Amino acid sequence: MVSRKKAKGQARKAAKAKAEESYAMFKPFSLTQFKKSSCTHGWNHDAYASSHDCYKFVEAVMEAFRRNKGKFDIFDAPKEATLHKYPEIWGDPTKFEWVASAFVSIGVEVLIRQDDKVGKLILSVYSIAYSEWIHQHVACALHKSVPAMYMARLNDLMHADQRRVISYLKKRIPCSCLNVLYDRVKHLPKKGLCGNFHCSSNKVELSKMWSCEGCLREHYCSVECQAADWSRHRETCKVWSEWEATEDAESSS
């Protein structure tokens, strides 16, 4: 009979091996391969030469993902890897949006090519979360069209399940490449992450969640979780609520 200590050790080794197999997916998928695909899922890869810094930027972010290995630090690590090396891209909305489009394409292609592999969702989850982060950064920091980053959405995407990933990507591509995969998961319930970081419920069906009435940007599994999270959410709620009020006043004047 295997001892409890030995069983735990074996479980840790198995989990590590499974994780390494998942992260090994990151390396084989190069942008050169994507360019040779029959469909690029709306990504205009010919907008820049393959030697352009935009391509190098994407490769640097992919390397940051690979090094990250499940730490969910997919926003700060890519920033550290690219901010000082490619400042022109960080200040150019067009180039940054091109990068975001590349990650949507990567997310789709991984789902299609790795349909039966362990950890197939990891790179796709990273891709959609980073693409969303870019869109929000451009709107907030460059265009200044919104007052803050929508962190609740980013956090939700970082913990996305298969249905969420496929649905998110399907809405953002002009092709039908994900139709088959979507048909397999569309019957599954839509789930979201409770905004209370200390909640033990994990994911909850969206139809059963409560939304903050002030900003409508944070969602909870219960009134109790909403109340417990108020001290953290208060300032963010105020920022979004005041911005919404200003927007409504300007649109009605």
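The accessible surface of the protein, calculated by the Shrake-Rupley method with a 1.4 Å probe, comes to about 14200 Å², and carbon and sulfur atoms contribute 52% of that area. The structure is a predicted model, in which local features need pLDDT of at least 70 and side-chain atom pairs count only at pLDDT 80 or more, whereas totals for chains, interfaces and linings use all residues. Residues are numbered from 1 along each chain as its sequence is written, and side-chain values use heavy atoms, with hydrogens and water left out.

The protein contains twelve helices and four strands, taken as DSSP runs (H or I over at least four residues for helices, E over at least two for strands) and numbered from the N terminus. Of the 253 residues, 42% are buried, that is, under 20% relative accessible area with a 1.4 Å probe and protein chains only. Among contacts (heavy atoms within 4.5 Å) with a separation of 6 or more, 64% join residues 24 or more positions apart.

Tyr-168, which is found in helix H9, illustrates these terms. Because its relative accessibility is 3%, Tyr-168 counts as buried. When residues up to four places away in sequence are not counted, Tyr-168 touches Ile-128, Glu-132 and Leu-157.

Terms used: Buried < 20%, exposed > 50% of the residue type's maximum accessible area, 1.4 Å probe, protein only.
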